[in-house]
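Try each task before reading its solution.

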Amino acid sequence: MKFDSETIRSQAANYLDWLKRWLDPANLARLRPKLQFQTGILAGFALIASVLLGVTNCSTEGTIQQRLAEDLQNSLAEVVPAELHDNDMLQDTRTIASAEYNIAADETTVYLAKKAGLVTAVCFKFTAPDGYSGAINMIMGVDRDGNILGVRVLSHKETPGLGDKIEVAKSNWILDFVGKSLENLTPAQWTVKKDGGEFDQFAGATITPRKSVQAIYRGLQLFKAYQAELIKE
């Protein structure tokens, strides 16, 4: 169906005339007591709110994704030295099964660090699901031989002043994992000193470091299970 400009102007004029009559105070006063009118007003406000939320989401989604990518890039840089790769790790990934390792993920994305095409290190996020106050989310870099390059805590709910010492901003505790591996520590050493292991606990907060150490150990076991295929990428 074709509409010429005259038809469009005529229909627009009719619509504006109808709207003017509908918005007339006398007409609104007559409609206001009716349930249909009240329901319509509520539905109208809900529709407007939905449209505004949709527009806001669409306009900010790109920015949010960019910020998330920047945050991840910064985290990768903290646990994998820049000199070990010349590729974009965010774009060079593998997905591996991890359900059996108790790191709160059925699948884990592994970011590959490559130098001249050779895999020099990997990085992946994992979780200690059983911290004192909830999950402790971490990221770890591991070189091709299985030695830890760095570990950082991404988020947690541990007690301020006690359990939060797992953060690098609060103490150097997390830095003690650099250079550790499944080869240079026995399974018994992969726990806190209170349990006969290698790593310090915190005064008044043993559960947080204990569960963090256990999760890092499981993360290394995950890497070892896929080491051969990851470093051949």
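**Exercise 1.** Find the residue whose side chain makes a polar contact with that of Asp195, then describe its surroundings.

Solution. The partner is Thr191, at 3.3 Å. A polar contact is a pair of N or O atoms within 3.5 Å; within protein, one must be able to donate a hydrogen and the other to accept it, and residues adjacent in sequence count only if both atoms are side-chain atoms. This is a predicted model: local features need pLDDT of at least 70, side-chain atom pairs count only at pLDDT 80 or more, and totals for chains, interfaces and linings use all residues. Residues are numbered from 1 along each chain as its sequence is written, and side-chain values use heavy atoms, without hydrogens or water.

Next, locate Thr191: the loop between strand 5 (148-155) and helix 4 (207-231). Helices (H or I, at least four residues) and strands (E, at least two) are DSSP runs, numbered from the N terminus. Thr191 has 10% relative accessibility, so it counts as buried. Buried means under 20% relative accessible area, exposed over 50%, partly exposed in between (1.4 Å probe, protein chains only).

**Exercise 2.** Is Phe45 buried or exposed?

Solution. Find Phe45 in helix 3 (residues 35-79). Its relative accessibility is 57%, so Phe45 is exposed.

**Exercise 3.** Which strands pair with strand 3?

Solution. Start with strand 2 (residues 107-115): six bridges, antiparallel. Strands pair if DSSP finds at least two bridges between them. Here Tyr111 is bridged to Cys123. Then take strand 4 (residues 136-143): eight bridges, also antiparallel. Lys125 is bridged to Ile139 there.
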